[in-house]
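Take a walk through this structure, starting from a single residue and its surroundings. Keep the sequence at hand as you go.

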Amino acid sequence: MRRAKRNRFIIVIGASAGGVEPLKQIVSDLPADLPAAVFVVLHVGQVSYLPEILDRVATLKTSVAKNGATCKAGNIYVAPPGFHLLLHDDHMMLRRGPRENLARPAIDPLFRSAALSYGASVIGVLLSGSLSDGTAGLRAIKAVGGLAIVQHPKDTLVPSMVESALRYVEV
C-alpha cells in the first residue's frame with residue numbers, strides 16, 4: 001500500500017441512473033475551503049452537461065477532468081464522456097480502455113486508482129444506479145484503509161449499485 005501523497009484527501013463519487021440529484025446535494029453542501037480534491041464519475045452517453053450542472057450549485061470550482069492535469073484540493077473534477085478517469089500520484093489520466101460494467105466512464109477504475117495512489121486518505125461515495133459498478137472499487141478503497149459511503153437504498157431511484165456494495169463491502 002502506498003502512503004497518501006502529502007497527506008491529501010481525495011473524495012471519489014460514483015453515480016448512475018438517479019444519481020444527479022443526490023450528487024447536486026452533496027456538492028452544494030461541500031465547504032468552499034474543503035481540503036480535498038473531489039472526482040466524479042457519472043454514467044453518461046456521448047454528451048454530458050454534468051460539470052455545468054454541478055458548477056451552478058457548488059461552492060468549489062467544477063471542471064472536466066483533463067489528461068495529465070494536477071489534482072488540486074478545493075476542486076471538483078468530472079470524468080468526460082467516453083473516458084475512464086484514473087488517478088496516478090498527483091495527476092489525472094483519461095483512458096479509453098474497455099467498458100466496465102457496460103460503462104465508460106466507469107466508477108470502479110476511478111475508485112481502484114484512487115485507492116492505489118492515495119490509500120487510506122480516500123473517501124469513496126456510491127450513489128444511485130443499476131448493476132454493480134462501484135462495488136469492486138469500494139472494496140479496493142476499504143482494503144487500503146479508506147472510507148466507503150453509500151446512499152441509503154431507500155433514498156435511491158435505482159438501488160442496484162448501492163445494494164451490491166452493501167452486500168460485499170463494509171460501509
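Start at Asp 133. Leaving aside residues up to four places away in sequence, Asp 133 touches His 43, Asn 101, Ala 106, Ile 107, Asp 108, Leu 126 and Met 161. One of these neighbours deserves a second look. The side chains of Asp 133 and His 43 make a polar contact at 2.7 Å. This is a predicted model, and the distance is computed from it.

Where does Asp 133 lie? It is in the loop between strand E7 (122-126) and helix H4 (135-143). Asp 133 counts as buried because its relative accessibility is 0%, and the cut-off is under 20%.

Now turn to the record. An unreviewed UniProt entry annotates Ser 16, His 43 and Asp 133 as "active site". These residues are spread over 118 residues of sequence, yet they cluster in space, with a largest C-alpha distance of 9.7 Å.

Ser 16 sits in the loop between strand E1 (9-15) and helix H1 (20-29). Its relative accessibility is 11%, so Ser 16 counts as buried. Beyond residues up to four places away in sequence, Ser 16 touches Leu 42, His 43, Ser 128, Gly 129, Ser 130 and Met 161.

Next, the aromatic rings. The count comes to one aromatic pair. Phe 39 and Tyr 77 form it, stacked, with 5.2 Å centre to centre and 20° between the planes. The pair links distant parts of the chain: Phe 39 belongs to strand E2 (residues 36-42) and Tyr 77 to strand E4 (residues 75-78), 38 residues apart. Both Phe 39 and Tyr 77 are buried.

One more ring remains. The charged end of Arg 96 sits over the ring of Phe 83, 5.6 Å from its centre.

Methods: Residues are numbered from 1 along each chain as its sequence is written. This is a predicted model: local features need pLDDT of at least 70, side-chain atom pairs count only at pLDDT 80 or more; totals for chains, interfaces and linings use all residues. Side-chain values use heavy atoms; hydrogens and water are left out. Rings of Phe, Tyr and Trp (its six-membered ring) pair if their centres lie within 6.5 Å; planes under 30 degrees apart count as stacked, over 60 as edge-to-face and the rest as tilted. Helices (H or I, at least four residues) and strands (E, at least two) are DSSP runs, numbered from the N terminus. Buried means under 20% relative accessible area, exposed over 50%, partly exposed in between (1.4 Å probe, protein chains only). A charge sits over a ring if NZ of Lys or CZ of Arg is within 6 Å of the ring centre and within 35 degrees of the ring normal. UniProt positions are given in the numbering used here, feature names are shortened, and annotations may be inferred rather than shown by experiment. Contact means heavy atoms within 4.5 Å. A polar contact is a pair of N or O atoms within 3.5 Å; within protein, one must be able to donate a hydrogen and the other to accept it, and residues adjacent in sequence count only if both atoms are side-chain atoms.
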